[in-house]
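Let's go through this model together, one question at a time. Have a look at the sequence and the fold first.

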Amino acid sequence: MTDSLRIRKEDVKHRMDSGEEVVFIDVRNPGPWEQAARKIKGAIRIGLKELDQRLGSIPKDKPVVTYCT
């Protein structure tokens with residue numbers, strides 16, 4: 001088994017188009033995040049360094065997709 005699971009953007013879109021609510025977590029570092037022209041509306045912003053401490057704030061009843069650059 002791999003250490004991480006990957007999903008294609010087309011698959012995420014299909015799930016969302018089917019009515020599934022997906023939680024997005026933006027794990028980009030502060031600099032790239034601030035400079036980004038595009039951000040996913042409603043995404044939870046959690047830096048990788050703080051991810052372990054914020055696990056409790058991530059919904060457990062919905063699929064979660066993390067992303068970075």
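Q: In which helix of the protein chain is confidence highest, and in which is it lowest?
A: Glad you start there, since this is a predicted model. The protein chain averages a pLDDT of 88, and 93% of the residues score at least 70. Confidence has its lowest mean, 84, in helix H2 (residues 30–35), while the highest, at 94, belongs to H1.

Q: What is the order of the strands in the open sheet?
A: Start from the pairs: S1 and S2 run parallel and are joined over two bridges. S1 and S3 are also parallel, over four bridges. The edge strands, each pairing on one side only, are strand S2 (44–45) and S3. For the open sheet of three strands, that gives the order S2-S1-S3.

Q: Is Arg28 buried or exposed?
A: Arg28 sits in the loop between strand S1 (23–26) and H2. Its relative accessible area is 6%, and the cut-off for the class is under 20%. Because 6% falls under that cut-off, Arg28 is buried.

Q: With which side chain does the side chain of Arg28 make a polar contact?
A: Stay with this loop residue, which lies between S1 and H2. The contact spans 2.6 Å, and the partner of the Arg28 side chain is the side chain of Asp26.

Q: How much space lies in the largest pocket?
A: A general idea first: rolling a probe the size of a water molecule over the atoms shows where empty space is left. For the largest pocket, the volume comes to about 400 Å³.

Q: Which of the residues lining the largest pocket are closest to its centre?
A: The elements that give two or more residues to this lining are helix H1 (9–17) and strand S3 (64–67). By type, the lining has seven nonpolar, two polar and four charged residues. Of the 13 lining residues, the closest to the pocket's centre are Leu5, Arg6, Ile7, Val65 and Thr66.

Notes
Residues are numbered from 1 along each chain as its sequence is written. This is a predicted model: local features need pLDDT of at least 70, side-chain atom pairs count only at pLDDT 80 or more; totals for chains, interfaces and linings use all residues. Side-chain values use heavy atoms; hydrogens and water are left out. On a 1 Å grid over the protein atoms alone, a cavity is a set of points where a 1.4 Å probe fits but cannot get out, and a pocket is an open set with protein on both sides within 12 Å along at least five of seven lines; lining residues have an atom within 4 Å of a point. Grid points are joined across faces, edges and corners, and a volume is the space filled by probe spheres set on the points. Ala, Val, Leu, Ile, Met, Phe, Trp, Tyr, Cys and Pro count as nonpolar, Asp, Glu, Lys and Arg as charged, and the others, Gly among them, as polar. pLDDT is the predictor's confidence in each residue, from 0 to 100. Buried means under 20% relative accessible area, exposed over 50%, partly exposed in between (1.4 Å probe, protein chains only). A polar contact is a pair of N or O atoms within 3.5 Å; within protein, one must be able to donate a hydrogen and the other to accept it, and residues adjacent in sequence count only if both atoms are side-chain atoms. Two strands pair if DSSP finds at least two bridges between them.
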